[in-house]
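Work through the exercises below with the sequence and the predicted model at hand. Each task is followed by a solution in steps.

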Amino acid sequence: MRSIVYSFLLLTMFVWGSCRQAKPVPVVTRRPPVKAARPQAGPTSPVVQKPVVVKTTPPKPATVVVTAPLDSLETEEETYPTPPPPKREFRAVWIATVDNIDWPSKKGLPVADQQREILAMFDMHQQMGLNAVIVQIRSAADAFYAKSSEPWSEWLTGQQGLAPDPFYDPMEFMIEQAHQRGLEFHAWFNLDRATFSKNASIAPTNIVYRKPNWLLTYGGRKLFNLGIPEVRSYVAGIVANVVREYDIDGIHFDDYFYPYAEPGQILRDDSVYQANYNGMTKADWRRDNVNKLIAELRDSIRANKPWIKFGVSPFGIWKNQNNDPQGSATNGGQSYYDNYADSRKWAREGLIDYIVPQVYFSSEFGRVPYKSLVDWWTRNTGKAHLYIGHGAYRVGRGSERDPGWSRATEFPNQVRYNRQQQAVQGSVLFSAKNLKLNPLAFRDSLQTNFYRHMALVPTMPWLDSIPPMPPRDLKAAIIPEGVELFWQQSAEASDGDGATSYLIYRFEGRHPRLRLDDPRHIVAHCIGESTTRFVDKTADPKKKYVYAITAIDRLKNESREVIIKVQ
């Protein structure tokens with residue numbers, strides 16, 4: 001298995017490395033703010049260039065090639081023994097920073113080591129076929145980014161409020177590096193914690209000192225009282241600042257709204273409830289507080305950058321069927337009652353763009369069978385995208401209650417089952433550390449099988465429905481290294497957006513049928529608007545090919561294709 005993985009990595013790096021690359025980034029950086037581009041969207045008929053004579057600058061004369069007339073294409077079908085894998089699929093991982101779960105590996109790690117760790121992580125994610133990372137940048141009223149009113153995180157520098165030295169902005173660095181690798185960057189916030197534990201490092205500027213009346217003490221932590229309108233506005237303001245200042249692709253919240261119950265403890269928010277309850281029961285009032293926060297966050301994001309995605313990953317069970325006929329056929333904790341999170345409402349009413357229920361159970365877990373809970377979510381997400389949150393940390397850790405995790409087939413079967421459900425559009429894995437550990441070779445299974453061929457993130461037409469313009473002036477030539485393709489970057493679309501990357505498809509034969517829906521024909525993803533050259537070093541000089549190139553915009557909408565025939 002290791003030799004297969006190694007061979008696949010070499011092929012992946014070889015092909016991707018044939019695109020013209022951006023300049024490498026030094027290990028320690030200090031950069032000005034990244035100006036966020038606006039977004040873009042979907043394919044129509046191909047654009048066929050007029051025949052051209054190719055002029056290139058290789059040391060030996062190039063073989064001239066010409067574009068193919070439109071009526072000579074789409075006449076032969078290239079067949080495969082298996083159906084095509086999905087071309088659109090959200091493939092992401094959670095990178096947890098709280099308590100140094102995933103990154104950095106320990107508090108106070110030198111800056112160069114912090115950056116080396118995250119780059120190694122992103123490289124692994126790119127190589128295994130992921131297309132997004134969800135990075136926790138606010139763990140407990142703190143920050144893993146420079147442009148924040150909250151203090152630097154203790155899990156970054158070892159002491160809350162202490163800046164990195166030498167100085168850099170971790171989130172700015174991560175966004176840039178993720179984008180260079182074709183990974184979306186979703187900024188993950190914890191919203192309920194002001195402190196993580198009794199022994200937490202707390203800076204003098206922490207909110208616990210500035211607004212003690214905003215906080216509740218529960219489970220040994222200081223928690224935000226979401227019943228106070230000013231608290232909800234404060235959280236929304238923290239998010240709005242990140243949206244304005246950073247070139248992120250998404251905002252993400254986890255399952256911590258109101259806290260999970262602690263035996264023998266009471267969440268003492270009676271006084272705020274009495275002042276604001278408006279005739280509701282306390283449970284309904286708490287749920288209404290969370291609903292108001294979700295709506296305020298959505299409105300804040302839309303007001304600042306309407307193309308940024310908003311997602312939530314609640315606990316997997318909304319309600320059990322024995323409590324509500326509309327609930328799932330499960331018997332476990334319930335986000336509706338335990339966290340006062342009406343997660344189904346947010347998805348069905350369009351308050352969020354995507355939902356990632358944490359379905360951290362195996363198919364053999366009797367109380368909450370994986371397939372039963374996934375089936376329920378496929379019927380209850382409205383127009384929001386449904387991605388399934390997988391408990392990768394449980395792989396290889398089966399128990400008497402949940403034996404399925406002991407089997408190497410469990411995780412692959414979950415991915416297979418997802419793909420059988422039209423409503424399921426991807427997966428998110430918890431967490432990055434477990435991908436590196438690779439128990440039961442589950443990462444290898446993804447890399448060499450399920451994620452072997454790249455996939456684009458699913459489109460969200462309600463955020464952007466305008467396609468980018470196609471590449472221009474496509475030319476090709478036979479050179480000693482293979483087939484060289486070069487083109488001019490796309491013009492601006494009608495909304496002012498340009499391309500952020502290009503896809504290169506290759507089809508064999510004189511008159512192949514162009515199956516752009518099959519990612520097995522993609523030979524390269526050239527990242528960057530000005531990355532306009534590709535050398536296909538795997539082309540067989542004895543074969544005839546048709547190449548198609550499309551432009552991809554920020555929200556992964558695809559232009560119509562331009563084509564060229566190499567004879």
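**Exercise 1.** Classify Asp353 as buried or exposed, then find its salt-bridge partner and state where the two residues lie.

Solution. 
Step 1. The relative accessible area of Asp353 is 1%. The cut-off for buried is under 20%, so Asp353 is buried.
Step 2. The side chain of Asp353 meets that of Arg302 in a salt bridge, with an N to O distance of 2.7 Å.
Step 3. Asp353 sits in the loop between α10 (343-348) and β10 (354-355), whereas Arg302 belongs to helix α8; the pair therefore ties together parts that are 51 residues apart in sequence.
Step 4. Arg302 has 23% relative accessibility and counts as partly exposed.

**Exercise 2.** Examine the salt bridge between Asp270 and Lys282, and name the network to which these residues belong.

Solution. 
Step 1. The closest N and O atoms of Asp270 and Lys282 are 2.1 Å apart.
Step 2. Asp270 is in helix α7 (residues 270-276) and Lys282 in helix α8 (residues 282-304), so the bridge ties together parts that are 12 residues apart in sequence.
Step 3. Asp270, at 44% relative accessibility, is partly exposed. Lys282, at 24%, is partly exposed.
Step 4. A network of salt bridges links Asp269, Asp270, Lys282 and Arg286.

**Exercise 3.** How many salt bridges does a search of the whole structure find, and which parts does the pair Arg554 and Asp249 tie together?

Solution. 
Step 1. The search finds 27 salt bridges.
Step 2. One of them joins the side chains of Arg554 and Asp249 at 3.1 Å, N to O.
Step 3. Arg554 lies in the loop between β19 (545-552) and β20 (562-566), and Asp249 in the loop between α6 and β8 (250-253); the pair therefore connects parts that are 305 residues apart in sequence.
Step 4. Arg554 is buried, at 7% relative accessible area. Asp249 is buried as well, at 7%.

**Exercise 4.** Locate the disulfide, give its handedness and classify its cysteines.

Solution. 
Step 1. The structure holds one disulfide. Cys19 and Cys526 form this bond, with an S to S distance of 2.1 Å.
Step 2. The torsion about the S-S bond of Cys19 and Cys526 is about -75°, so the disulfide is left-handed.
Step 3. Cys19 has a relative accessible area of 5% and is buried. Cys526 is buried, with a value of 0%.

**Exercise 5.** Describe the largest nonpolar core and the surroundings of Phe189.

Solution. 
Step 1. The largest nonpolar core has 128 residues, and those with the most contacts inside it are Phe185, Phe189, Ile248 and Ile251.
Step 2. Helix α6 (residues 229-245) gives the most to this core, with eight residues.
Step 3. Apart from its neighbours within four places in sequence, Phe189 has contacts that include Ile238, Val239, Val242 and Ile251. Arg138, His252 and Asp254 are also among the residues in contact with Phe189.
Step 4. A second, separate core has 21 residues, including Trp487, Tyr502, Ala524 and Tyr545.

**Exercise 6.** How many of the nine residues of helix α14 are buried, and which are they?

Solution. 
Step 1. Helix α14 spans residues 442-450, and seven of its nine residues are buried.
Step 2. The buried residues of α14 are Phe442, Arg443, Asp444, Ser445, Leu446, Gln447 and Phe450.
Step 3. Helix α14 is thus mostly covered.

Terms used: Residues numbered from 1 in each chain as written. Predicted model: local features only at pLDDT ≥ 70, side-chain atom pairs only at ≥ 80, totals over all residues. Heavy atoms only, no water. Core = buried A, V, L, I, M, F, W, Y, C linked by side-chain atoms within 4.5 Å. Buried < 20%, exposed > 50% of the residue type's maximum accessible area, 1.4 Å probe, protein only. Helix = DSSP H or I, 4+ residues; strand = E, 2+ residues; numbered from the N terminus. Contact = heavy atoms within 4.5 Å. Salt bridge = Lys/Arg side-chain N within 4 Å of Asp/Glu carboxyl O. Disulfide = S-S within 2.5 Å.
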